[in-house]
Amino acid sequence: MNEPSSQDLGAAPPPPGDALAAALAALQPRRPRRPLRDLAVVLGSMAMVVAAPLLMMGVRRDLGALPRSYALGVGAIWLVLAVALAALVLLPRRGQALMRPWLAGAIGAGSAALAVALGALVHPPTTGAARPVLAGHACLDVGLALALVPIGCALLLLRRAVPTGNAWLGAGLGAAGGAAAGLALHLHCPYGDALHLAIMHGGVVVLASLLGALLAARFTRP
Amino acid sequence: MAGDLPSLMLRYVEGDAAAFRVLYDALAPRVLGYLVGMARDRARAEDLLQQTFLKVHRARDRYVVGADPVPWVLAIAHRTFLDDHRARGRARVTSTASGELPDVAVDLAGQAPGHADEPRADLTQHARVLAALGELPDAQRQAVVLTKVDGRSMADAAAIAGTSVGAMKVRAHRGYLALRRLLGAGDREAP
């Protein structure tokens, strides 16, 4: 390469190349992304994730015996995590087309830790049967399958929309899906053992977060 | 012009090719300046510029109405640079083996975007800065180019890089220090 000449320094950018010119020649109108509509769609998929297992298998049989503060409080935590994370992942900063991937990832990771801690520390003392931890892996399996619904839905809506920070944003998205699945498990699973709640319920958020990071890095780049 | 960019972008998304051409004329110098700052090779930067706008074209329906398209396009440019950089299997972009300087672009040659009316600074000094930029790690170089060359705010630069404002401040600060050290070393070595 040569020393920069004044001609190089003053050179204007080249005009659009052949590939770009050909793409422009076939330009078709598109609808721009609507983040609020995307959020509504993902929240709808979360509502399905919570409602479908309850409709198919019913609510937990000890629901009436649970302390109201526990049933409502833990349920509200799952709900707030799911909605807040979905909003953080899908809504860009005001006046911007870019989302906040680092913030979504950090809060997603924090939510995963909170979900595990919630299971380990907050559980009904007098109700819920103890169960060997590994025997309850159906909760982890079903929870992950449920989490994939809003994750997949959001990935479809975010395809080609995230130039940088994809994995971070995906971690937040995965945690949102995991929290929705956690709410479904909270309303259905009657086992109140701390290890079961921490590993098989909280673990859904951890694994969904990792899965979201992997999938978003693959499917959301322009 | 900056105030018109969101409406131009929307017209382009809605199928107006003429709006794209105006948008390209407005954005290409900034994007090229950014890519030259990152790649330090004019020919490669021009190739990346074309790839960037092809990606913008394919992702145009991901644009959000009313949003400033500049950070979005710069973020796509950065993604394009990273993909190319990784494909080439290099950890860093450096000057050539013979020590010659690469070609440089308009916006790194003494005229920051939006400051075309200001007097152009000494070309040799800018070539030295460009060479010193090449010695910085990618993340620090990106921080310096975005905040000092392109004049973006820390918040915008962080959004473009997909990182936190705090992390961007640290990268930029370390980049400035390293740049000052490199340029200071050059001054001491000069006869």
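Between chain B and chain A, the count is three salt bridges. A salt bridge here is a side-chain nitrogen of Lys or Arg within 4 Å of a carboxyl oxygen of Asp or Glu. This is a predicted model, where local features need pLDDT of at least 70 and side-chain atom pairs count only at pLDDT 80 or more, while totals for chains, interfaces and linings use all residues. Residues are numbered from 1 along each chain as its sequence is written, chains are lettered from A and ligands numbered from 1 in the order in which they are written, and side-chain values use heavy atoms, with hydrogens and water left out.

## Where the two chains meet

The ones that give two or more residues to the side of chain B that touches chain A are α1 (5-13), α2 (17-39), α3 (42-58), α4 (69-87), α5 (123-133) and α7 (154-161) of chain B. The largest share of that side, nine residues, comes from α3(B). Sorted by class, the side of chain B that touches chain A has 33 nonpolar, nine polar and 18 charged residues. In this sorting, Ala, Val, Leu, Ile, Met, Phe, Trp, Tyr, Cys and Pro count as nonpolar, Asp, Glu, Lys and Arg as charged, and the others, Gly among them, as polar.

How many residues of each chain are in contact? It's 60 residues of chain B with 48 residues of chain A, where contact means heavy atoms within 4.5 Å. Chain B and chain A bury about 4500 Å² between them, and 63% of it is on carbon and sulfur atoms. Buried area is the accessible area (1.4 Å probe) that two parts lose on being put together, summed over both. In chain B, the residues that lose the most area to chain A are B:Arg62, B:Val64 and B:Arg79, together 15% of what that side buries.

There are also 17 residue pairs in polar contact between chain B and chain A, both residues at pLDDT 80 or more. A polar contact is a pair of N or O atoms within 3.5 Å; within protein, one must be able to donate a hydrogen and the other to accept it, and residues adjacent in sequence count only if both atoms are side-chain atoms.

## Salt bridges

Side chains of opposite charge can pair when their charged atoms come close. A search of the whole structure finds 15 salt bridges over all chains. Here are some of them:

| B:Asp83 | A:Arg221 | 3.9 Å |

A:Asp38 is buried, at 1%, whereas A:Arg37 is partly exposed, at 44%.

B:Asp138 and B:Arg141 both sit in helix α6 (residues 138-149) of chain B, three residues apart, about one turn of the helix. An α-helix has 3.6 residues a turn, so residues three or four places apart point the same way. B:Asp138 is buried, with a relative accessible area of 17%, and B:Arg141 counts as buried at 0%.

B:Asp156 is buried at 12%, and B:Arg152 is buried at 10%. These two residues, B:Arg152 and B:Asp156, are linked with A:Arg93 and B:Asp68 in a network of salt bridges.

## Chain B as a whole

Chain B has eight helices and zero strands. Helices (H or I, at least four residues) and strands (E, at least two) are DSSP runs, numbered from the N terminus. Of the 191 residues of chain B, 54% count as buried. Among its contacts between residues at least 6 apart in sequence, 67% join residues at least 24 apart.

## A helix and a histidine in chain A

Why does the span of helix α4 (residues 68-90) of chain A agree with expectation? At 1.5 Å a residue, its 23 residues should span 33 Å, and its end C-alpha atoms are 33 Å apart. The expected span is 1.5 Å times one less than the number of residues.

Buried residues of α4(A) include A:Tyr70, A:Val74, A:Trp78 and A:Leu81. What covers the buried residues of this helix includes α3 (35-57), α5 (101-121), α7 (166-188) and α8 (194-219) of chain A.

A:His201 lies in helix α8 of chain A and is buried, at 5% relative accessibility. Not counting residues up to four places away in sequence, A:His201 touches A:Trp78, A:Cys139, A:Leu185, A:Cys189 and A:His196. The side chains of A:His201 and A:His196 are joined by a polar contact of 3.3 Å.

How values were computed
Buried means under 20% relative accessible area, exposed over 50%, partly exposed in between (1.4 Å probe, protein chains only).
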